[in-house]
Each structure stands twice: as structure tokens, then as C-alpha cells.
Amino acid sequence: MANPLRFVLAFAKMKWKEFPLRERQQMIDLISSGKLTPFCQVPMLELCGQCYTQSFATIRYLAVAYNLYGIDFPERETRYHVDMLAEGARDFYTKFVSLPFASDPDIYKQSVLYETTLPKYLPIFESLLGQNSFLTGKHATYADAVLMAAVEFVIDLFGKDTLQEYRHLSEWYTTMSRHEGISWFLSSSCHYQLPNEDYVKEVNKTLGRG
């Protein structure tokens with residue numbers, strides 16, 4: 001779940017350094033440091049001397065701290081609406097994260113992603129964006145940043161032409177890609193494409209699996 005967090009950081013116009021874990025000992029040392037308490041999971045964001053874990057809790061913290069709800073002093077109902085759409089975008093995104101770990105990635109890509117996930121989620125977001133320039137209105141929110149993480153994986157896997165029949169979503173993607181922070185992120189070394197087999201091996205090694 002690191003990629004949605006990266007997009008939200010970029011949306012907040014923040015720049016950061018990545019410290020990828022590639023060895024089991026790095027993970028053990030990080031756990032021993034207490035920085036991953038209580039669940040001992042990554043990603044972990046270190047900000048102003050404070051360590052933040054559990055990616056979506058961190059994302060919501062950033063949304064509040066950096067006013068990523070599209071308006072100043074959003075009411076409770078507005079925050080709920082943005083949070084709800086952000087969670088829907090996260091659900092969309094998580095379908096792609098499972099791909100490299102599937103027992104048969106080719107079947108998963110076709111039957112789960114192309115035939116099931118895209119037909120479910122793309123029309124929903126197309127409809128929402130047909131009503132407004134962004135997911136919740138005239139101003140982008142952190143929910144748009146989370147959706148960017150999912151749409152990037154759609155493009156990585158199936159090509160940008162996949163968005164052709166979704167005009168509003170395609171226009172939104174172009175607009176979001178030009179956002180100052182996200183534009184920087186997309187061209188930076190912090191931007192990763194959809195993980196592959198090498199990533200799976202690296203994760204399993206770091207977490208001590210197998």
C-alpha cells in the first residue's frame with residue numbers, strides 16, 4: 001500500500017527520500033528500533049521525527065494535516081464523502097497489488113482484473129467525474145491522488161487506450177498528471193511501476209518468507 005501514500009505525498013507537494021528494504025536484516029533492525037510499533041509493518045513514513053505506520057491511517061493523517069480535502073475547514077459530512085471515495089479508490093488499487101503474488105498471474109490479469117475489476121470500477125469513477133472535474137467537486141482531494149495510484153496500474157498493465165471509452169476519466173487523468181507535485185513524482189526515481197516477479201522475491205526475502 002505504499003504507492004497510494006506516495007501519490008498523496010506528491011499531491012501535498014512534498015518531496016521525500018525512499019529507503020527500500022532489500023534484506024531481511026534491514027527489516028529486523030527496523031522492527032527492533034521500535035519505529036514500526038505496534039504491528040511491525042511497512043511502509044513507514046518518518047516525518048518531523050515522528051514515525052507513521054499503517055498506510056491508510058497515515059494517508060488520512062496527511063489529508064487532515066495538509067488540508068487535502070479540497071476546501072478549508074471541511075465539515076464532517078464533506079470529510080466522510082472524501083474518505084469514502086478514497087477508500088473505494090483504495091479497494092480498486094488493492095486488486096492490482098495482488099497480481100504479482102497470484103499463483104497464475106496471467107489468469108489473474110485476465111479474469112480478475114480485465115474481466116471483473118475494470119468493468120466494476122471504471123464506470124463508477126467515470127460517472128463521478130462526469131458530474132464534477134474531480135471526484136468530489138471542483139477541487140482535487142486526496143481521494144483523487146489515491147485513484148491516480150490505481151489508474152497508473154491500469155495503464156501499466158493494459159495501456160492508456162483502456163481509458164479511451166471513459167472520456168471524463170481520461171480527461172481527469174491528464175489534469176491530475178499535470179498537477180505540480182504529481183508531475184514531479186511521475187518523473188522521479190520515487191515512482192515505481194507495477195511490481196514484478198523480482199519484487200515478489202525481494203518482499204519474501206525481506207519478510208523472511210519461504
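**Close-up views of a predicted model**

**View 1. Surroundings of Leu169.** Leu169 touches Leu122, Phe125, Glu126, Leu129, Leu147 and Leu163, residues up to four places away in sequence not being counted; contact means heavy atoms within 4.5 Å. This is a predicted model, in which local features need pLDDT of at least 70 and side-chain atom pairs count only at pLDDT 80 or more, while totals for chains, interfaces and linings use all residues. Residues are numbered from 1 along each chain as its sequence is written, and side-chain values use heavy atoms, with hydrogens and water left out.

**View 2. The largest nonpolar core.** Among the 61 residues of this core, Phe92, Phe96, Phe125, Tyr142, Leu147, Leu169 and Trp172 touch the most other members. Such a core is a set of buried (under 20% relative accessible area, 1.4 Å probe, protein chains only) Ala, Val, Leu, Ile, Met, Phe, Trp, Tyr and Cys residues joined through side-chain atoms within 4.5 Å. Helix H6 (142-158) is one of the elements that give two or more residues to the core, and the largest share, 13 residues, comes from H6. Helices are DSSP runs (H or I, at least four residues), numbered from the N terminus.

**View 3. Thr58 in helix H3.** Thr58 has its place in helix H3. Thr58 is buried, with a relative accessible area of 2%. With neighbours within four places in sequence left aside, Thr58 is in contact with Leu5, Leu45, Tyr52 and Thr53.

How values were computed: Buried means under 20% relative accessible area, exposed over 50%, partly exposed in between (1.4 Å probe, protein chains only).
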